[in-house]
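Hi,

Here is the structure I promised to pass on. Have a look at it first, and my notes follow below.

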Amino acid sequence: MKSALITVSVLLIMTAALAEAFQADGIIEPHRVVNLGSPQRGVLAAVEVERGDTVKKGQVLARLQSEVEEALMQMKKENMEFTGRKTERMEPLFKKDLLAKADMDEAETGKAVARAEYKYASETVNRLRIA
């Protein structure tokens, strides 16, 4: 039986004392400077990051005051849900010819308009977040 050859490397390791802390003078430059803005005008309500923080794409950095816009969005959401329920209640009546087509069209249009209004209000609130 033949034995396999093994290559072995030997390294000389030395130790040395290092200072635990040191002081240096200099100027720290940012990696990149980015100008921020918002498509919405408003009053700054909060800054979500501190100077020197590392941030990620899409992270909310600041928020504008949005109480009025959020209340409007909630109102639009409630209206959207109401018109959806109303249309659902009307569908069985329409299928049994107990409801005029014009009334059903009006309900479906109201539902679509309410959905669009909620989407618009929601997007307005989202634009108040500076990312």
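**The sheet**

Strand S2 (residues 62-64) and S3 run antiparallel, joined by two bridges. Strands here are DSSP runs of E, at least two residues, and helices are runs of H or I, at least four residues, numbered from the N terminus. Two strands count as paired if DSSP finds at least two bridges between them.

Before going on, some ground rules: this is a predicted model, where local features need pLDDT of at least 70, side-chain atom pairs count only at pLDDT 80 or more, and totals for chains, interfaces and linings use all residues. Residues are numbered from 1 along each chain as its sequence is written, and side-chain values use heavy atoms, with hydrogens and water left out.

Back to the strands: the open sheet has three of them, ordered S1-S2-S3, with antiparallel pairing. Strand S1 (44-47) and strand S3 (129-130) are the edges, each pairing on one side only.

**Out on the surface**

Ile6 sits in the segment before S1. Ile6 counts as exposed because its relative accessibility is 72% (exposed is over 50% relative accessible area, buried under 20%, partly exposed in between, with a 1.4 Å probe and protein chains only).

Lys96 lies in the loop between helix H1 (67-95) and helix H2 (101-126). Lys96 is exposed too, with a relative accessible area of 61%. From Lys96 to Thr83 is 13 residues in sequence and 20 Å in space, C-alpha to C-alpha.

Cheers
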